Amino acid sequence: MLQAIELDYVGCKIVITEEVLMKMIRYIQIGFKDPESGGVLTGIIYDGEIRVTGCSVPTRYDKRNRYNFIRSAKSAQTFINTRFAISEGIEVYLGEWHTHPEDHPTPSGIDIADFKKTIQVSRINSETTLMMIVGRKGFYIGVYKYTILIQQYSRPILNITK
Ligand SMILES: [Zn+2]
């Protein structure tokens with residue numbers, strides 16, 4: 001079983017739930033032809049804790065290949081709206097995730113530029129946002145305040161049950 005990731009962040013804790021991690025690892029790029037996958041992250045902001053509780057998965061409207069993933073803005077918005085509604089307005093957009101065909105992923109220059117652009121054009125409910133990358137053996141998590149990178153973390157993916 002995968003355990004939730006808990007990160008010590010400036011004055012608060014960031015938790016990425018087991019449910020979210022389990023959803024993501026189904027898209028790890030193990031095969032030579034597996035395309036990149038990704039989506040948006042949603043979660044709940046408590047006093048002293050940011051809890052990532054939702055992640056959207058690829059839809060047929062996304063553009064995907066081995067080294068690129070461009071998500072459909074429309075399906076992402078539908079996911080965000082649904083999570084917002086079923087949580088009665090407490091679960092909000094928290095960032096983006098995608099996979100990389102490398103063991104221990106780090107963001108590319110394009111990833112960083114795209115992420116900042118997305119944050120700038122999105123209606124953000126949280127000043128803290130996350131960029132998560134799922135590699136073959138590890139997770140990368142970049143924590144941003146608006147478009148400024150504040151901290152980065154790497155965590156191993158243990159006990160894959162793909
Ligand atoms: Zn990338």
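**Exercise 1. Decide whether Tyr 144 is buried or exposed.**

Solution. Start with the cut-offs: buried means under 20% relative accessible area, exposed over 50%, and partly exposed in between (1.4 Å probe, protein chains only). Tyr 144 has 1% relative accessibility, so it counts as buried. A word on the setting: this is a predicted model, where local features need pLDDT of at least 70, side-chain atom pairs count only at pLDDT 80 or more, and totals for chains, interfaces and linings use all residues. Residues are numbered from 1 along each chain as its sequence is written, and side-chain values use heavy atoms, with hydrogens and water left out.

**Exercise 2. Describe how the rings of Phe 115 and Tyr 144 are arranged.**

Solution. Rings of Phe, Tyr and Trp (its six-membered ring) pair if their centres lie within 6.5 Å; planes under 30 degrees apart are stacked, over 60 edge-to-face, and the rest tilted. The structure holds two aromatic pairs. In the pair of Phe 115 and Tyr 144, the centres are 4.7 Å apart and the planes stand at 50°, so this pair is tilted. Now check Phe 115: at 3% relative accessible area, Phe 115 is buried.

**Exercise 3. Find which protein atoms are donors of the zinc ion.**

Solution. Donors are N, O and S atoms within 2.8 Å of the metal (3.2 Å for Na, K and Ca); water is not among the atoms, so sites may look incomplete. Here they are His 98 (NE2), His 100 (NE2), Asp 111 (OD) and Asp 111 (OD), at 2.0 to 2.5 Å. Along the chain, their spacing reads H-x1-H-x10-D. Finally, look at burial: His 98 and Asp 111 are both buried, and His 100, at 8% relative accessibility, counts as buried.
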